[in-house]
Amino acid sequence: MYVERKVEAGDIVVKLSAFEKMLALPRWTHYAVSLVVTLLALYFRDLLDVQFQSRPLLIFFVPPIIISAIIGGMYPGIISTLLCASGLYIFFIPKTADYFGIATHDFVQLCFLIISGIIVSILSNKLISIIIKEKKEAKLIDFLVNIKQ
């Protein structure tokens, strides 16, 4: 989905995707979306507690981490990852006498969730920086082409 708008410096029409419009939002909105999506995932996981008893269902928290990283970049993605891991550790992972008070298999799964969330956040940040750089280069090329005309 693309939205057209005129650039102030001339009659150049720039097409902005919905993703690029989202990047133009204030930075605090990215963190707010990250917080809300993560808390919603924790809430919905809590609703499933009766059916799944002692299983933490870590895969349930991958979409909020990905959404936060894509919308906000590295830091909102990492914040979402840490909130998910903390919420899982505190509320949903059964406590035992093993590593950090949880079973070994739960500890390994939680570590993989954290590592995956950090990797997704870093890659998403790189993607956002490439999109911004490409858009700036496209504007420069359009400007240079219009000067020669």
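**Reading the model**

Analyst: Start with one residue. Leu 57 is partly exposed, because its relative accessibility is 25%. Buried means under 20% relative accessible area, exposed means over 50%, and partly exposed lies in between (1.4 Å probe, protein chains only). This is a predicted model: local features need pLDDT of at least 70, side-chain atom pairs count only at pLDDT 80 or more, and totals for chains, interfaces and linings use all residues. Residues are numbered from 1 along each chain as its sequence is written, and side-chain values use heavy atoms, with hydrogens and water left out.

User: Where does Leu 57 lie?

Analyst: Leu 57 sits in the loop between α3 (49-52) and α4. Helices (H or I, at least four residues) and strands (E, at least two) are DSSP runs, numbered from the N terminus. Leu 57 and Gln 109 are 52 residues apart in sequence, yet their C-alpha atoms are 9.8 Å apart in space.

User: How many helices and strands does the protein chain have?

Analyst: The protein chain has 6 helices and 2 strands. Along the sequence, their pattern is β-β-α-α-α-α-α-α. The chain has 149 residues, and 32% of them count as buried.

User: What share of the contacts in the protein chain is between residues 24 or more positions apart?

Analyst: First, the term: contact means heavy atoms within 4.5 Å. Take the contacts with a separation of 6 or more: residues 24 or more positions apart account for 57% of them.

User: At what angle do α2 and α4 pack?

Analyst: Compare the helix axes. Axes are lines fitted to C-alpha atoms, for helices over the stretch in contact, and angles run from 0 to 180 degrees between N-to-C directions. Here α2 and helix α4 (residues 62-72) pack at about 175°, with axes 9 Å apart. That makes α2 roughly antiparallel to α4. Angles under 35 degrees count as roughly parallel, over 145 as roughly antiparallel, 65 to 115 as roughly perpendicular, and the rest as oblique.

User: Which residues of α2 and α4 meet?

Analyst: From α2, the residues include Arg 27, His 30 and Val 33; from α4, they include Pro 64, Ile 67 and Gly 72. Val 33 is partly exposed, because its relative accessible area is 30%. Val 33 and Gly 72 are 39 residues apart in sequence, and 8.3 Å apart from C-alpha to C-alpha. Gly 72 is among the buried residues of α4, as are Pro 64 and Ile 65. After α4 comes Gly 73, with a positive phi near 95°.

User: Which residues form the nonpolar patch on the surface?

Analyst: Patches are made of residues with over 30% relative accessible area and no salt bridge: like charges are joined within 9 Å, nonpolar side chains (Val, Leu, Ile, Met, Phe, Trp, Tyr) within 5 Å. A salt bridge is a side-chain nitrogen of Lys or Arg within 4 Å of a carboxyl oxygen of Asp or Glu. This patch holds Val 36, Leu 40, Tyr 43, Phe 44, Leu 47, Ile 59 and Phe 60, with about 680 Å² of accessible area together. Accessible areas come from the Shrake-Rupley method with a 1.4 Å probe; for residues, only the protein chains shown count as cover. Phe 44 belongs to helix α2 (residues 27-47).
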